[in-house]
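Open the model in your viewer and keep the selection tool ready. We will go stop by stop.

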Amino acid sequence: MSKIDQLRISGQLPSPKGVALAVMEISRRDDATLEEVAKVVQSDPALSSRLLRLANAAASGGRPVASIREAVMQLGMATVRQLAMGFSLVDQYLHGACPAFDYPGFWSHSLFMAVASQELGRLLRAAPPEELFACGLMAQIGCLALATVYPADYGAVLAEQRAGQALLELERQRLGVDHTEFTAGIMADCGIPKTLAEPVCYHEFPLDSGFSEGSRPYQLVHLLFQARRMADLGRSPAAERQTSISELMLLGGKIGLDATDLGEVFDRVVGQWHSWAELLKVPAGQLPSFSAMSTAPVPRPEEEADEARTRKVVLLVDDDPTGRLVTQGLLSHMLGCTVHTAENGKEALALALEVMPQIVITDWRMPVMDGLEFCRALRATGWGQSMYVVMLTGEEDDEKIIEAFEAGVDDYLTKPVHVRALSARMRAALHYVKLLEAWENDRAQLKQFAAELAISNRRLEHTAMTDMLTELPNRRAGMEALARFWSASRRTGRAVAALMIDVDHFKSINDRYGHAVGDRVLQCVAKAIQSAARKDDSVSRIGGEEFLLVCHDADARTALLAAERLRRTIKALRISVADVDIHTSVSIGVASIEDGMQKEDDMLNAADKALYAAKSAGRDRVALFANGKSLCR
Ligand SMILES: Nc1nc2c(ncn2[C@@H]2O[C@H](COP(=O)(O)OP(=O)(O)OP(=O)(O)O)[C@@H](O)[C@H]2O)c(=O)[nH]1
């Protein structure tokens, strides 16, 4: 004999009493009439008013139902029996022996589920709404039964249960039986037909039911699951409501309920829940309207506040409008993403370029361009490389999944989309996006550092190679230029010449006018040399009042002519500083590349010798050193 049978025989299982029991007995007889049932019901004022209320709700819009007989006729014998049972149980078990079991809370939740089942049933025409009311009310009666029969052990089970953990496993471990078995047993005792009792027993895990999609039990089990989730929302903390709403929207899509219908049903259910709770003396908390809850900002922990400010952009591609709407709702409400939607890959590709999403969630099978083609096209672009792509698929086949990964998807999610699976996948996607952002940030910073470094290196280099007074290349730069010109000449066979220019009697300018005026004279001479030189020649300041001009493609004659021109230019300079006009002159030593010269220094030394000759010859003149001799002009 099963545990339940033993308990039933010993009278320990929760069971209806009084009028409900009598209704049950009568309705079991084949010759029972509605009049008999009505008569018994009338003897219980509480039951009478409750049945009248339901009958009037069922007849909404029509003539009000005033008599119990009419109410019983309207509801039908089976429904009256089920309701009588349910109400009888509520009345008897508002308190109990298990201190850990929240009896009023249990009935409040069951009542919410009853009203939600009824209203969903009315909308979807899945079963008579009043029968669904009774089913909703009794859907978790097994929990009450376990708390009643095993108060201590069940208390321990409840204490052990972690947030979000299903009770069934714990119950089986501790008690050797779970609440769904008790629910099934009690529903059978109450005469609830198997066609209703079975979906009720599977309502917590509809996917385990194995009911074929589209069948009536399938519809019922999902309807009850939806009703259960609505009831769960009734008691969930404010911070979790948006997640629950998103899940409800997802589930609603499965039973053909769009977001507007769902919102309307939910608000209606809450209203009825309150008046039923008053009637049955069970608590019912206050709830904001469905739309208020779905648009309320989600309270987030401190560390997530930044993330909330920078909403992630998601592109959702799905040709199924319901699936798209539901997933969009989950992404925006639950995860705070900005969601753009497209109906096929082609449309999505254009939209991706426009909105640059960080995450792409795409269906596989779509008209025009399917998810696989879309993903390949996206990955072929430069800008689509770093987007995180999740493929929605009904395919479980490994080969197919591999094909998707080869097309460039980062992850996949099996359809129908479940809220927990979507959240888990989105967690991974958001983690990737966060890392990518951090990396891009680092890269941008590195780029900036590199640019700053390059600028400062250029500045340093400029400083190291430039004479600060005249802003001409300094000696080091002048020597490097000389070496370059020399090598180029060697390579091309073209001539090269060096002109060493020295300001005459510069010391006396310093002595007479002061250092600052001397500086000014040096600047003016430097400028004059620079202006006289050809664009590609090299001018540098190689000593205090000494400059070097290196001319490419210049033989001795050309260099001499240039030097003479330069000497005259400087001689003609009128340098005005502090109301004084200063005139100066330069001596220039010229040398050009000659046979026998081994390196650039040989030419430089030759120019130096020529300069010495020019100075010695009286200054303000040009001298050439060629073939081992200096010649002054
Ligand atoms: N104002 C100023 N004077 C400088 C600078 N660099 C070197 N001098 C001066 O330039 C003068 C060079 O004098 P000298 O080497 O005797 O040459 P000089 O007077 O031009 O005589 P000759 O070259 O023989 O014509 C020195 O008095 C240095 O102090 C500078 O940057 N600014």
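**Before you start**

This is a predicted model: local features need pLDDT of at least 70, side-chain atom pairs count only at pLDDT 80 or more, and totals for chains, interfaces and linings use all residues. Residues are numbered from 1 along each chain as its sequence is written.

**Whole chain**

Show everything as a cartoon. The chain has 28 helices and 13 strands. Helices (H or I, at least four residues) and strands (E, at least two) are DSSP runs, numbered from the N terminus. Of the 633 residues, 43% are buried. Buried means that 20 or more other C-beta atoms lie within 10 Å of the residue's own; exposed means 12 or fewer, partly exposed is in between, and C-beta atoms are placed from the backbone. Among contacts with a separation of 6 or more, 63% link residues 24 or more positions apart. Two residues are in contact if their C-beta atoms, placed from the backbone, lie within 7 Å.

**Stop 1: the parallel sheet**

Select E1 to E5. These five strands form an open sheet in the order E2-E1-E3-E4-E5, with parallel pairing. Strand E2 (338-342) and strand E5 (411-414) are at the edges with a single partner strand each, so one side of each has no neighbour in the sheet. Neighbouring strands here are turned by 20° against each other on average, direction ignored. Axes are lines fitted to C-alpha atoms, for helices over the stretch in contact, and angles run from 0 to 180 degrees between N-to-C directions.

Zoom in on E1 (residues 313-317). Four bridges join E1 to strand E3 (residues 359-363) in parallel. Two strands pair if DSSP finds at least two bridges between them. Leu316 has Ile361 as its bridge partner in E3. Now look at E2. Five bridges join E1 to E2, again parallel, and Val314 is partnered by Val339. Right-handed means that, with the strands pointing away from the viewer, the path from the first strand over the helix to the second runs clockwise.

**Stop 2: the mixed sheet**

Select E6, E7, E8, E11, E12 and E13. These six strands form an open sheet in the order E7-E8-E6-E11-E12-E13, and the pairing is mixed. Strand E7 (538-541) and E13 are the edge strands, each pairing on one side only. Neighbouring strands are turned by 20° against each other on average, direction ignored.

Start with E6 and strand E8 (residues 546-552). They pair antiparallel over seven bridges, with Met500 opposite Leu548 in E8.

Move to E12 (residues 622-626). Four of its five residues are buried. Strand E11 (residues 586-592) runs parallel to E12, joined by three bridges. Gly589 stands opposite Ala623 in E12. Follow the chain from E11 through helix H28 (residues 600-616) to E12: this β-α-β crossover is left-handed.

Which strand lies antiparallel to E12? Strand E13 (residues 629-632) does, through four bridges. Phe625 stands opposite Ser630 in E13. E12 and E13 form a hairpin with two residues between them, and Asn627 in the turn has a positive phi of about 50°.

**Stop 3: the ligand shell**

Select the ligand and its surroundings. The shell holds 16 residues; the closest are Phe506, Lys507, His515, Gly518 and Gly544. Near here means a C-beta atom, placed from the backbone, within 6 Å. Strand E6 (496-503), helix H25 (506-513) and helix H26 (515-532) each give two or more residues. H26 gives the largest share, four residues. By class, the shell has four nonpolar, five polar and seven charged residues. Ala, Val, Leu, Ile, Met, Phe, Trp, Tyr, Cys and Pro count as nonpolar, Asp, Glu, Lys and Arg as charged, and the others, Gly among them, as polar.

**Stop 4: helix H12**

Select residues 179-189. Eight of the eleven residues in H12 are buried, including Phe182, Ile186 and Met187. The buried residues of H12 pack against helices H1, H8, H9, H11 and H13. Gly191 follows H12, with a positive phi near 75°.

**Stop 5: Phe112**

Finish in helix H7 (residues 103-124), where Phe112 is found. Phe112 counts as buried because it has 31 C-beta neighbours inside 10 Å. Leaving out residues up to four places away in sequence, Phe112 touches Met230, Ala231, Gly234 and Trp273. The C-alpha atoms of Phe112 and Ala227 are separated by 8.0 Å, although the two are 115 residues apart along the chain.
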